[in-house]
Amino acid sequence: MQQVPQKISFPKEEEKVLDYWNQIKAFETSVKMSEGKPEYSFYDGPPFATGLPHYGHILTGTIKDTITRYAHQTGHHVERRFGWDCHGLPIEFEIDKLFGVKTKDDVLKMGIPKYNQECRNIVMRYSQEWNVTTKRLGRWIDTDNNYKTMDPTFMESVWWVFKRLYDKELVYQGFKVMPYSVGCTTPLSNFEAGQNYKDVNDPALVVAFPVVGDEQVSFLAWTTTPWTLPSNLALCVNPKMEYVKIQDIKRDKQFILAKTRTTILYKTEAEFKVLETYTGSQLVGKKYVPMFPYFAGDAATGGFSVISGDFVTDDSGTGIVHCAPAFGEEDFNACLAHKIISRDQYKRPILNTVDANGRFSDDVVEYKGQFVKDADKEITKAIKDKGRLVKADQIVHSYPFCWRSETPLIYKAVGSWFVKVESIRDRLVANNDTTYWVPEFVKEKRFTNWLLNACDWAISRNRYWGTPIPLWVSEDGEEVVAIGSVQELYEKSGVRITDLHRESIDHITIPSQKGKGVLRRIEEVFDCWFESGSMPYAQQHYPFENEDKFNKIFPADFIAEGIDQTRGWFYTLMVLSTALFDRAPFKNLICSGMVLAHDGKKMSKRLKNYPDPVEVINNYGSDALRLYLINSPVVKGDVLKFQEKGVQDMIKDVFLPWFNAYRFFVQNALKFASQQGKPFAPDFQVALGSENITDKWILAATQTLIKFVHEEMKAYRLYTVVPKLVKFIDQLTNWYVRLNRRRFKGANGEKDTLVSLNILYEVLMTICVAMAPFTPFFTDYMYQNLKNLLPADKQMGSVHFLPYPEPRESAFNVDIELAFSRMQTVIELGRQARDRRTKPLKYPLKELMVITENQHYLDNLDQLKTYILEELNLLNLNLTTNEGAFVTITADPDRKRIGQRLKDHAKKINPAIGKLTNDELRAFQKSGEIVIEGQVLTTEDIKLIRKFSGDTANCEPLGNNEILTVLDLTVDQVLLEKGFAREVLNRIQRLRKSSGLNAEDNVKMYFNTSSKELLTAINNNQEYLTSVLQFPIVESEKPTTDVFALEIATVVDTNDITIWFIK
């Protein structure tokens, strides 16, 4: 075992560990070692490689790595394959920007082969950066044997998935209003449409629609999208609402609108007169004059009439909704319900007034070729010129923008291919019930609600770089052939292919079996979410290969992604798995929250409101970043506001103390070996045989921790496991090591030193292995040195090759753990009391009194009295059960809880609580229950406050619901001298450190003082000083010439002591 340097650079040591892993092929070796063990299957959701990894990726990567490392260490074979999302808008949008592509014609001029080749060229743009960052984070995953959604094998399995759905009659062609990006010329999913809302200023118009046959009367409708008015086909009222026909006094016109919405035009009722009142149902069927003449002929098929819909409300507008079914989902559904339109009318002109680029078609004569949002002003002017503009305002409201192109979305009816999700909703919910989620509320509320309201899924996109939808259709659309494999395409077309992208298959035709000539492939490609949802099958090229393997690893034991994937990857996985196999695609899922910038805003490259992850890793190391992320609320679905200081604090509060404990052990183990003339050889039986109570405590606490980790990791609760592990490191470093420093240095003899070293080795090695899945670098750094104390056949190449520790039943000791916990509570209360009265620990105090009626509590403290006295620098500990003499108890009721639980009874109970006697409160303290006004109340309803009844001028009381401590602040001569002696000790230790001495270095120590008071203090506390320093300090006249180190220090008066060392 090698000596450990005094200082450590965690990032540099991590890089050395990484080099070592590469040399021994650590990850590959660990996977090979686990072959033949039970499979633990994990699916990695594929990211795009067109951007660099951010903290969200680092978080989910850390969660995935931690869980799969733990699974490996608990005896499983865990295949971990990295995946890449290669198709879709993120890639195409980059090419569109690069080549100035804005329309479909631009792509066709460029040529689909060239366009797709350019996409292929940038797909893996940042893959090297991803690989470097992934490895630097310590994540063990196979990035060489990865899967890509653009691989022919992956795409072929996607074809198979679609063919299965098609054969099950779960696919249909339909017309649906969807969020549409004019910037990317494609519809978006609702999930994508909800990612980027902005406040915008839009027109808000009240317009008139004259009643046919009674043109003096007009229906009034309100709209913020004037550009949709050329496509108006109906007006919609709520059948149950009241409507009025009014006479507008100023305009001398008659209008119909909701009775409660006259305020949209009038400030007072004197401005209009009510002529008639109707229900909405009475207005249904009335005809009105179209705003524009382009589609006047549609009146013959039911257009330009009043229809009804429950979605119409009276909280805004006029209570009458103008319906342009091509540009609003509710408009579309209402017109569909009233048979004004049908889903198969893909080519009906009024449903196609806007092209793929968001520009008006030739049918809208005056505005053809104009971008719809740009036409608002001209359309508003035309309405005004027609005398049908009743009111024009502006409104600021939240509006969706394309998350890629930053252009405003429109809602547009598009022909699309759909998966029938609505027909399998009940199975989706049932299969979801078989899964386990952390946190549970995301499954039970967010995801279940999404499934209960799931709509048919539009899976086609009018794009180019994607997996082509394998449908070959006759010209009349009546003959359709779905292809499920490359071989099937060859059999039906005679053409063999090696690539499945559009440029490789769009030219292929299939002879008709019904005499309809040839069938040609439809233009659309799959939504990339369909591909990622197919990942469980496609990554294995199932069912064309790996059928046995697939059956072993499906469904996945574990997946993890961010909370935004509840409507993304989690959803598409569940839909396809349910449709194909009627089962959930995963068993366990961790859903992490969002990582935001320190100010609570979304992390933004433009705003530069977050530190570069690479710099954070270079400054603090990956382990610190990993532990910071998974020791935060984000692992249970909450938000994390990223603070670089949080990573820095992990170094200060966890890794440096942990390193110092490890270094302390190595120093003392090597010193012991030097004294014994042979290496220290750890022996657990020696550790187990210790009679020292702190040894028993730390051994027991270690076993309790390991048991807890196993229980909680089975439940995937990282948010309980990691804080417990971090706290244990604090218990080890700030309690066990600190309380026993002198034992390790030989203060109690050779045998006791051997026992203490065995204890510390056992605990350090156990925690080293236990923390390995969480902090993979630092644990292997320590293990490579600690393992040298083991026999050669027990040494492994890496800590990650070791099985996870199992709790040792022989070392459990619940009683000692309880006693130690109580001791720690008293010490913490004593420290707080000192702080409150500004009494630093270096000054001894006379006494701490602990008051409780719990005799067992006091017995525990008496057992550990020595440590309490030493930690709090006290002369005496006074333990008493005589609460009556020192404590008064008052009741503090939780009025909110009592009110919610006991309703009307609370009015009598709350006053009665204030009248409880001291005896009644003491009885409640013992039993934990009390009956008031016939109702049982517990300690959850009433908190007992214990107050010291004595004089607090020279004492500081402090307590909790179990005990009260009283710190005596009086100082006498004995205490004063002890304080001076501690100050002298501090100066000596400071000089030893500054002169480079180790604890075991034998030097002669001398002092001279001009202060009689200080000399008396040193002489009266010489035994204490020698026990700590291990060598006596001797008074002398003046330093000699062979002085090794010297310091003139201040204790009582300025420069009143000189200390020097001679070797």
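Asp 65 counts as buried in this predicted model, since its relative accessibility is 1%, where buried means under 20% relative accessible area, exposed over 50% and partly exposed in between, calculated with a 1.4 Å probe on protein chains only. Residues are numbered from 1 along each chain as its sequence is written. Because the model is predicted, local features need pLDDT of at least 70 and side-chain atom pairs count only at pLDDT 80 or more, while totals for chains, interfaces and linings use all residues, and side-chain values use heavy atoms, with hydrogens and water left out.

Side chains of opposite charge can pair when their charged atoms come close. A salt bridge is defined here as a side-chain nitrogen of Lys or Arg within 4 Å of a carboxyl oxygen of Asp or Glu, and the structure holds 57 of them. One of these joins Asp 65 to Arg 626, with 2.9 Å from N to O. The pair links distant parts of the chain, as Arg 626 belongs to helix H22 (residues 622-630) and Asp 65 to helix H3 (residues 55-73), 561 residues apart; helices (H or I, at least four residues) and strands (E, at least two) are DSSP runs numbered from the N terminus. Arg 626 is likewise buried, at 0% relative accessibility.

A further salt bridge connects Lys 245 and Glu 276, whose closest N and O atoms are 3.0 Å apart. Lys 245 lies in strand E8 (residues 242-248) and Glu 276 in strand E10 (residues 272-279), so the pair ties together parts 31 residues apart in sequence. Lys 245 is buried at 11% relative accessible area, whereas Glu 276 is partly exposed at 37%.
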